[in-house]
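Hi,

Here's the structure I said I'd pass on. Have a look at it first, and then read my notes below.

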Amino acid sequence: MHSRILSQALVCALLAGAFATTARAAPSSPGVPQSSPLGTAIAYRGQLRRNGAPVTAACAFSFSLWDSAESGAQIGGTVVSPTLAVSAGLFTIPLDFGPGAFNGEGRWLETVVQCPGDGAPGAR
């Protein structure tokens with residue numbers, strides 16, 4: 001299965017996760033250690049179906065973040081997982097596009113998936 005998904009709703013979820021992960025703790029009382037800022041990665045949870053049925057397999061995924069739905073510029077690097085476990089159609093992966101990825105402007109997530117039994121990459 002080779003699919004590309006661009007979802008503005010997903011990016012809203014990513015933005016919410018990004019803002020949540022960059023929050024800093026309030027100053028602590030003397031003698032209490034202060035927490036460090038969290039990283040820029042978010043935990044992305046997705047669902048994968050083939051012909052309406054949930055997939056259970058180790059699939060190759062790549063995720064990239066864009067500033068436009070078409071012909072835009074890529075934001076950060078591509079996150080690649082050659083063997084991401086998908087169980088009953090569900091998967092989770094950390095995505096980190098860097099500290100400047102979410103600046104309040106629109107973002108689109110491209111997802112490319114290749115599972116066992118699918119045609120060659122690029123085939124539909």
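Predicted model: local features only at pLDDT ≥ 70, side-chain atom pairs only at ≥ 80, totals over all residues.

One definition before anything else: helices (H or I, at least four residues) and strands (E, at least two) are DSSP runs, numbered from the N terminus.

The protein chain has a mean pLDDT of 79, with 71% of its residues at 70 or more. Which elements score lowest and highest? Helix α1 (residues 8-21) has the lowest mean, 41, while strand β6 (residues 90-95) has the highest, 97. Over residues 1-26 the pLDDT stays under 50, though the model still has 56 contacts there beyond four places in sequence. I'd read that stretch with care.

**The overall layout**

The protein chain contains one helix and seven strands. Starting from the N terminus, they come in the order α-β-β-β-β-β-β-β. Out of 124 residues, 33% count as buried. If you take the contacts between residues at least 6 apart in sequence, 69% of them join residues at least 24 apart.

Now for the strands. There is an open sheet of three, ordered β5-β4-β7, and its pairing is antiparallel. Its edge strands are β5 (74-86) and β7, each of which pairs on one side only. From one strand to the next, the twist averages 15 degrees. Zoom in on β4 and β5 and you'll find eight bridges in their antiparallel pairing. Here Phe63 stands opposite Val79 in β5.

**The core**

The largest nonpolar core has 21 residues. Which of them touch the most other members? They are Leu48, Cys59, Phe61, Phe63, Phe91, Leu95 and Phe97. At least two residues of this core come from each of β1 (42-47), β4, β5, β6 and β7.

**The disulfide**

In general, a disulfide is a covalent bond between the sulfur atoms of two cysteines. How many does a search of the whole structure find? The answer is one. The disulfide joins Cys59 to Cys115, with 2.1 Å from S to S. The link is right-handed, at 105 degrees about the S-S bond. It ties together distant parts of the chain: Cys59 sits in strand β4 (residues 57-66) and Cys115 in the segment after β7 (108-114), 56 residues apart. Are these cysteines buried or exposed? Both Cys59 and Cys115 are buried.

Most residues other than glycine have a negative phi. Asn51 is not a glycine, yet has a positive phi of about 55 degrees. You'll find Asn51 in the loop between β2 (49-50) and β3 (53-54). Asn51 counts as exposed, because its relative accessibility is 78% and the cut-off for exposed is over 50%.

Ser71, the residue I started with, also has a positive phi of about 55 degrees without being a glycine. Ser71 has 81% relative accessibility and therefore counts as exposed too.

Enjoy looking around!

Conventions:
Residues numbered from 1 in each chain as written. Heavy atoms only, no water. Disulfide = S-S within 2.5 Å. Buried < 20%, exposed > 50% of the residue type's maximum accessible area, 1.4 Å probe, protein only. Pairing = 2+ DSSP bridges. Axes fitted to C-alpha atoms, helices over the stretch in contact; angles between N-to-C directions. pLDDT = per-residue confidence, 0-100. Contact = heavy atoms within 4.5 Å. Core = buried A, V, L, I, M, F, W, Y, C linked by side-chain atoms within 4.5 Å.
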